[in-house]
Amino acid sequence: MTISSNQLDIAVLPGDGIGREVMAACLELLAAVESKATGGPSLKTTIWNAGAQYYATSGEALPNMTLDACRKADAVLFGAMGWPDIRHDDGTEIIPQLDLRMALDLYAGVRPIRWFPGLPNVLSDPRARDIDFVLIREQTEGLFYARGKGELIDDRDAYDTMHISRAGTARVSDFAFRVADRRRSRGKRARVTCVDKANVFTSMAFFRKVFDDVAAKHGGIEADHAYVDAMALTMVKKPWMLDVMVTENMFGDILSDLAAGLVGGMGMAPSADVGDAHALFQPAHGTAPDIAGQGKANPCAMFLSAAMMLDWLAERHNEPRLETRARLIESAVEIALSSGAVPMELGGTAGCDTVTRETIAALSSAMKEVA
């Protein structure tokens, strides 16, 4: 797809709590990158209402106007949503991000995990500095399919149904192999691991079977399997051996948080929710009510999510200059962290404003590395 104009429309949903803080920092960084980079389309960012705090005043968590804007936008940039004391009448959380996944058919949850110089060494083995893998989570079915459909019988038994389809598993598996192929083009490994529990559940044996069918069509990329419990051990013992993993919805939800812990925490965990026609980019962390409004938030995951957005837009619109901007952001974050702008979350003294200022200041040095 080529860009029909020299502008891309980005729907911006800051949300709640620190989502608003890291989003403001991210928009400042994106503007700075755009002003320094040579050529390429501009980003028109428009802020839209959604989230728990908006629900408290309006009665709507995801207004139709906002959903329509997300459908029409070239990409969605999302902060964080939810608040402990604000819930629906039935007691459930305000989580429009799940509604957006289903409405836009964002079937692939992409969670890149990378260690940056300057971060604390969570694992003592020096090889942990080589952590660089991607966890891909199927997001439209699996155990999450039961959301809102569970059954409670006579206050005695409760049932939630796991749903695994051939179509859903095939498309997310194919997506994982395409991610591995892109990583290979950048000089990285190219291996996709199917993470399942095929030794116990019929649904998981089927997930593995469909994965193998897809793998046979990608002969140039290595494929293997791991049980989810064994993978949890591997992620702690030798995560530097991992490359691309694809798994069911609930397994991916759990493993992605474990993965973030390997590189310092959720503040260093960017993510993307990708479909065939739409994509949403957000930090993996929550709204952090305990520090919201105090300037303590770590914006790095938001910055890196924006870099993922630029990469996706670059591929979708055949615009390599957007990919250059993505590399500039990643390089600037690395320079800022290694120069001492370590966020408070990671034991440093840098608040959101300091990390943002130092990352923007590092763009000049980053341009020399990326050029």
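Where does D155 lie?

Analyst: D155 lies in the loop between strand 6 (151-153) and strand 7 (157-159). Helices (H or I, at least four residues) and strands (E, at least two) are DSSP runs, numbered from the N terminus. This is a predicted model, in which local features need pLDDT of at least 70 and side-chain atom pairs count only at pLDDT 80 or more, while totals for chains, interfaces and linings use all residues. Residues are numbered from 1 along each chain as its sequence is written, and side-chain values use heavy atoms, with hydrogens and water left out.

The phi angle of D155 is near 55°, a positive value in a residue other than glycine. D155 is exposed, with a relative accessible area of 71%; buried means under 20% relative accessible area, exposed over 50%, and partly exposed in between (1.4 Å probe, protein chains only). A positive phi also occurs at A288, a residue other than glycine, where the value is near 50°. A288 is found in the loop between strand 12 and helix 9.

Buried residues make up 52% of the 371 residues. Of the contacts in the chain with a separation of 6 or more, 77% join residues 24 or more positions apart; contact means heavy atoms within 4.5 Å.

Two other loops hold buried residues. H278 lies in the loop between strand 11 (270-274) and strand 12 (279-283), and it is buried, with a relative accessible area of 17%. Not counting residues up to four places away in sequence, H278 touches C70, R71, L104, L106, D273 and W312.

E248 has its place in the loop between strand 10 (244-247) and helix 8 (249-262). E248 is buried yet has no salt bridge, and the nearest side chain of opposite charge, R137, is 7.5 Å away. Here Lys and Arg count as positive and Asp and Glu as negative, while His and the chain ends are not counted. A salt bridge is a side-chain nitrogen of Lys or Arg within 4 Å of a carboxyl oxygen of Asp or Glu. The side chain of E248 instead reaches the backbone nitrogen of L143 at 2.7 Å, and a polar atom of that side chain lies 2.9 Å from the backbone nitrogen of M250. These are polar contacts, defined as pairs of N or O atoms within 3.5 Å; within protein, one must be able to donate a hydrogen and the other to accept it, and residues adjacent in sequence count only if both atoms are side-chain atoms.

Helix 7 (residues 228-237) has V228, M231 and M235 as its buried residues. Seen down the helix axis, they fall within an arc of 50°, so they line one face of helix 7; the arc is that of the directions from the helix axis to the C-beta atoms. On the other side of helix 7, L233 and K237 are exposed. The cover over the buried residues of helix 7 includes strand 5 (132-138), strand 8 (191-196), strand 9 (222-227), strand 10 and helix 8.

The structure holds 27 salt bridges. R71, one of the residues that H278 touches, forms a salt bridge with D68, their closest N and O atoms being 3.7 Å apart. Both lie in helix 3 (residues 64-72), three residues apart, about one turn of the helix. The side chains of R186 and E323 also meet in a salt bridge (3.6 Å, N to O). R186 lies in the loop between helix 5 and strand 8 and E323 in helix 10, so the pair ties together parts that are 137 residues apart in sequence. R186 and E323 belong, together with D311, R327 and E330, to a network of salt bridges.
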